[in-house]
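Here is a short tour for anyone who likes to check a model by its helices, rings and surface patches. Please keep the viewer open while you read.

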Amino acid sequence: MSNQSSSSTSIKQFLTEQQIEIERQRRQADWERVRSAADPIEAPAEVFDSRSLYEKLKEQHDSKKKEFEDMWSAKNSIRGLDEDESDFLTRLDRAKLEKQRALKRLEQEDIEELKISFFFHLIYFVQQCHYSKILEF
């Protein structure tokens, strides 16, 4: 008897019309609780995938494998700079440095001119003060 019960559990059981109707009514009742005004009155039919488990798992495996390969192909498509590109970037860097040095040199010259001008004005002011004191005597 135990032999027969174990074999019957491995065989798929067919559903009766009554069981199908009870299940449909249960789904309809669940649908009524969550349905909004824009949704259809009748619950949508349950989607059934008739593919075998192997086919479903194979599809998942293939999609993940493709995603992984796409990720690596994107990483492998990045290439380094060739010699011409490297030379061009080096020239740009040198030109930028030269421009910065020239700007720094001009700033230093302007600062030196301001210092000289300030000291000449200071000397002139001191001389004027000195002369005015001499004239007062």
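## Helices, rings and patches

Read along the sequence, the protein runs α-α-α-α. This is a predicted model, and its secondary structure amounts to 4 helices and 0 strands. How much of the protein counts as buried? Of its 137 residues, 2% do. The accessible surface comes to about 13800 Å², and carbon and sulfur atoms account for 60% of that area.

Let us turn to the aromatic rings. A pair of such rings is described by the distance of the centres and the angle of the planes. The count here is 2 aromatic pairs. In one of them, the rings of Phe-68 and Trp-72 have centres 6.1 Å apart and planes at 65°, so the pair is edge-to-face, since an angle over 60 degrees falls in that class. Both Phe-68 and Trp-72 sit in helix α3 (residues 53-76). They are 4 residues apart, about one turn of the helix. Phe-68 is partly exposed, at 48% relative accessible area, and Trp-72 is partly exposed too, at 39%.

Phe-118 and Phe-119 also form an edge-to-face pair, with 5.7 Å from centre to centre and 65° between the planes. How exposed are these two residues? Phe-118 has a relative accessible area of 52%, so it counts as exposed, because the cut-off for that class is over 50%. Phe-119, at 48% relative accessibility, counts as partly exposed.

Phe-118 and Phe-119 belong to a nonpolar surface patch as well. Phe-120 lies in helix α4 and is exposed, with a relative accessible area of 56%.

Which residues form the negative surface patch? They are Asp-82, Glu-83, Asp-84 and Asp-87. Asp-84 is placed in helix α4 (residues 83-136), and this residue is exposed, with a relative accessible area of 59%.

For a quick look back, here are the residues with their accessibility values.

| Residue | Relative accessible area | Class |
|---|---|---|
| Phe-68 | 48% | partly exposed |
| Trp-72 | 39% | partly exposed |
| Asp-84 | 59% | exposed |
| Phe-118 | 52% | exposed |
| Phe-119 | 48% | partly exposed |
| Phe-120 | 56% | exposed |

Methods: Residues numbered from 1 in each chain as written. Predicted model: local features only at pLDDT ≥ 70, side-chain atom pairs only at ≥ 80, totals over all residues. Heavy atoms only, no water. Patch = residues over 30% accessible without salt bridge, like charges linked within 9 Å, V, L, I, M, F, W, Y side chains within 5 Å. Areas by Shrake-Rupley, 256 points an atom, 1.4 Å probe, with all protein chains shown as cover. Salt bridge = Lys/Arg side-chain N within 4 Å of Asp/Glu carboxyl O. Lys, Arg positive; Asp, Glu negative; His and termini not counted. Charge placed at Lys NZ, Arg CZ, Asp CG, Glu CD. Helix = DSSP H or I, 4+ residues; strand = E, 2+ residues; numbered from the N terminus. Buried < 20%, exposed > 50% of the residue type's maximum accessible area, 1.4 Å probe, protein only. Phe/Tyr/Trp six-rings, centres within 6.5 Å; stacked < 30°, edge-to-face > 60°.
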